[in-house]
Amino acid sequence: MDAILDFLKTTGFAMIADNWKVIIMLAISCLLLYLAIVKKMEPLLLLPIAFGMLLTNIPGSEMFHEVLFVDGHIHWDLFGGAAITQEFIDSIENTVVASTLTAGETISVGLLDVLYLGVKLGIYPCLIFIGVGAQTDFGPLIANPKTLLLGAAAQVGIFITYIGATLMGFTSQEAGAIAIIGGADGPTAIYTTQMLASNLLGPIAIAAYSYMALVPVIQPPIMRALTTKEERRIVMKELRPVSKTEKIIFPIVVTIFVALLVPSAAPLIGCLMLGNLLRECGVTERLSKTVQNELMNICVVFLGVSVGATATANAFLNLSTLGILVLGIIAFSLGTACGILLAKFMNLFSKNKINPLIGAAGVSAVPMAARVAQKEGQKEDSSNFLLMHAMGPNVSGVIGSAIAAGVLISLLG
């Protein structure tokens, strides 16, 4: 009987009494799984994130230990089996984590601790960007370079939200990490947050991917509110053909220019353009297919599960999470609005008018934002095809969000 009682005390069911908040986190993870599977909201990443959240909040699983990464640092000595000292506990700024530690104990490194190193060291987001680059056709942007401005305008929402976040009491690093949600680029948001405010990684990742999935819900009301029927009916001039040489030169030139302008953006931009060069050069088809499929899929699973592991009860269930969700949708909405408004402004001086709807595609939710612009345009004129025109600002938004992330990391990191 004593053996049975001892076993029962070691189960997760018994441990729930010590931290009832995990019940809420398990419920949230199941909700996210439902949204990913049933509602198909960004399932490729939301499902691994939700399952990582599920695993990390099971009492007694010991798969992820916040102390190994507390205060934004990797404590390699604890990975090596060193005992926790009282001096170490006293030095920790995160009092919640510090209160759970005892001097003399050692950490048994879990699976998610090891996988999370790929996030902490910035490996997974960059590898995913190689795959994104290999899947991206920059032809529409090259054919109509003006759309680069629309992608840049959509990033203005990031910096406006940064100001709002600081006014709400977030630190400058936390505000920068929250604001990048407005770029609508999941890997960029994760990379930036890891560099600036890793304590907010779980909430920011979930907010970023949730809002990306809600593009068809969030954007149309803003698009209709800021444009007239006449503007939505504008038919744009057919794009010129783009040569293979232009497509090969483009990633090389962009890498050199952006890396020299914002060196801290070089990892993201460099990986994005490497993937695109593999696609366009015509001599690395096997590598292009590999980074688009096997490499990208593996990294997506590891990234999602390990990011979800950071969404512990202590990190997620607080008022700052609610603030992140509110500021995230504000950033996203402002990015959409700024792209539309710049397109309207450009039409004041342009002979060949731009349909302002494509300005909303400046957020880098590729290709969903471009499809939304196409759908809204066809509601007014079924013969108007905006998709390829919208892909210009859409892919430029990917570049713009990476540059914005580099600027934030350079100024605040």
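The buried residues of helix H12 are covered by, among others, helix H11 (147-153), helix H13 (172-179), H22 and helix H24 (387-412), where contact means heavy atoms within 4.5 Å and helices are DSSP runs (H or I, at least four residues) numbered from the N terminus. This is a predicted model, in which local features need pLDDT of at least 70 and side-chain atom pairs count only at pLDDT 80 or more, while totals for chains, interfaces and linings use all residues. Residues are numbered from 1 along each chain as its sequence is written, and side-chain values use heavy atoms, with hydrogens and water left out.

Helix H12 itself runs over residues 156-167, and its twelve residues reach 17 Å from the first C-alpha to the last, close to the 16 Å expected at 1.5 Å a residue; the expected span is 1.5 Å times one less than the number of residues. Gly-157, Ile-158, Thr-161 and Ala-165 of H12 are buried, and because they cover an arc of only 95 degrees around the axis, they are on the same side of H12. That arc is taken from the directions from the helix axis to the C-beta atoms. Ile-163 and Leu-167, on the other side of H12, are exposed. Here buried means under 20% relative accessible area, exposed over 50%, and partly exposed in between (1.4 Å probe, protein chains only). Just after H12, Gly-169 takes a positive phi of about 105 degrees.

The structure also holds eight salt bridges, each being a side-chain nitrogen of Lys or Arg within 4 Å of a carboxyl oxygen of Asp or Glu. One of them joins the side chains of Arg-224 and Glu-376 (3.0 Å, N to O), and this pair links distant parts of the chain, since Arg-224 lies in helix H16 (residues 215-226) and Glu-376 in helix H23 (residues 368-380), 152 residues apart. Arg-224 is partly exposed, with a relative accessible area of 38%, whereas Glu-376 counts as buried at 3% relative accessibility.

Another salt bridge brings together the side chains of Arg-232 and Glu-380 (3.2 Å, N to O), and it too links distant parts of the chain, with Arg-232 in helix H17 (residues 229-232) and Glu-380 in helix H23, 148 residues apart. In this pair Arg-232 counts as buried, at 7% relative accessibility, and Glu-380 as partly exposed, at 23%.

Methods. Helices (H or I, at least four residues) and strands (E, at least two) are DSSP runs, numbered from the N terminus.
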